[in-house]
Amino acid sequence: MADVQSTATTLPPSNSVEDQKPAAVTSENGSMQDDTKEEEYKMPDNASETLYLQNLNETVRVDYLKETLLNLFKSYQVIPPVIAHGNLRMRGQAFVSFPDKETADKARREVAGFPLYGKPMQLSFAKTKSDVIVRKEEGEEGFESHKKRRLEHKNESRKNNPLRQKAQAKLKAAAAADPTGAHAVAPRRTQIQMPDEYLLPNALLFLQNLPDGTTKDDLHEVFNQYPNLLEVRLIPAKKDIAFVEYADEESATVAKEALHNFKIDGETKMKVSYAKK
């Protein structure tokens with residue numbers, strides 16, 4: 001998002017990431033010690049060429065995040081692509097690969113805690129090799145075998161999932177108790193509502209909690225302060241909600257951040273979020 005990018009933490013030059021490490025202190029006997037335990041900096045036996053990044057800023061668009069991480073790890077010979085996704089389960093996480101374990105470990109030790117976009121990064125070794133590393137070490141044939149093994153493992157894990165097995169056991173017990181199926185009731189699927197803060201950025205804004213008597217002209221006057229406004233749409237059946245559309249996502253984002261909780265009547269806070277696409 002445009003406003004997030006403008007306030008992002010400045011990336012360090014290639015030789016300044018060392019500044020993020022804990023400062024050394026001198027013990028009573030004159031030896032140098034780190035504030036953080038030395039054990040945390042040792043490369044574990046299960047180290048890999050790929051680092052798993054956590055606690056990344058979830059408001060940053062995925063394409064911006066990937067580009068930023070490539071620049072941040074450039075001095076460590078990062079191997080593209082950076083793996084990151086925008087879905088709810090994977091937001092705030094990424095995978096970055098390096099030529100060898102030693103380089104990955106150096107990056108892990110020196111970049112850990114760097115405040116990327118205002119949040120300190122958490123770095124650890126990935127549990128499995130990334131696709132780019134498998135391709136590099138084993139070639140296309142080995143990569144195809146790797147994908148096959150991964151799919152088999154995924155299917156096996158799904159099959160042996162305790163929750164799935166428990167649900168299947170309940171269904172079997174119900175079928176045994178009522179073999180005719182006369183009393184079978186289709187399970188009700190829970191409707192999960194997406195929290196507003198997790199909706200993907202777009203050019204259409206959704207307004208809620210509008211005060212009584214709010215008109216289209218009122219909203220147009222408020223939102224027209226920000227460039228590229230296209231349309232204001234009221235909902236006749238519901239007087240407290242409306243939609244505001246901008247020409248692009250960046251313009252909508254600026255207006256959203258500025259006007260969320262704005263009091264049109266001086267008392268009632270208006271809620272502004274991205275509309276569901």
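These questions and answers look at how terms are applied in one predicted model.

Author: This model is predicted; local features need pLDDT of at least 70, side-chain atom pairs count only at pLDDT 80 or more, and totals for chains, interfaces and linings use all residues. Residues are numbered from 1 along each chain as its sequence is written, and side-chain values use heavy atoms, with hydrogens and water left out.

Reader: Why is Tyr 52 called buried?

Author: Buried means under 20% relative accessible area; exposed means over 50%; partly exposed lies in between (1.4 Å probe, protein chains only). Tyr 52 has 18% relative accessibility, so Tyr 52 counts as buried.

Reader: Why is Phe 95 called partly exposed?

Author: Its relative accessible area is 26%, so Phe 95 counts as partly exposed. Glu 257 has 41% relative accessibility, so Glu 257 is also put in the partly exposed class.

Reader: What makes the rings of Tyr 52 and Phe 95 a stacked pair?

Author: Rings of Phe, Tyr and Trp (its six-membered ring) pair if their centres lie within 6.5 Å. Planes under 30 degrees apart count as stacked, over 60 as edge-to-face, and the rest as tilted. The whole structure holds 4 aromatic pairs. In the pair of Tyr 52 and Phe 95, the centres are 5.1 Å apart and the planes meet at 20°, so the pair is stacked. Tyr 52 sits in strand E3 (residues 50–54) and Phe 95 in strand E5 (residues 94–97), 43 residues apart. Ring pairs also link Phe 73, Tyr 76 and Phe 98 into a cluster.

Reader: What makes a stretch such as E9 a strand, and which residues does E9 span?

Author: Helices (H or I, at least four residues) and strands (E, at least two) are DSSP runs, numbered from the N terminus.

Reader: Which other strand is joined to E11, and by how many bridges?

Author: Strand E10 (residues 229–235) is joined to E11 by 6 antiparallel bridges. Arg 233 has Phe 243 as its bridge partner. E10 and E11 form a hairpin with 2 residues between them.

Reader: What makes the approach of Glu 257 and Lys 256 a polar contact?

Author: A polar contact is a pair of N or O atoms within 3.5 Å. Within protein, one must be able to donate a hydrogen and the other to accept it, and residues adjacent in sequence count only if both atoms are side-chain atoms. Here side chain meets side chain, at 3.3 Å. Glu 257 lies in helix H7 (residues 249–259).

Reader: Which elements do the buried residues of H3 pack against?

Author: They pack against E3, helix H2 (62–72) and strand E8 (122–125); contact means heavy atoms within 4.5 Å. H3 covers residues 101–111, and its buried residues include Thr 103, Ala 107 and Val 111. At the start of H3, a side-chain oxygen of Asp 100 reaches to within 3.3 Å of the backbone nitrogen of Glu 102. After H3 comes Gly 113, with a positive phi near 90°.

Methods
Pairing = 2+ DSSP bridges.
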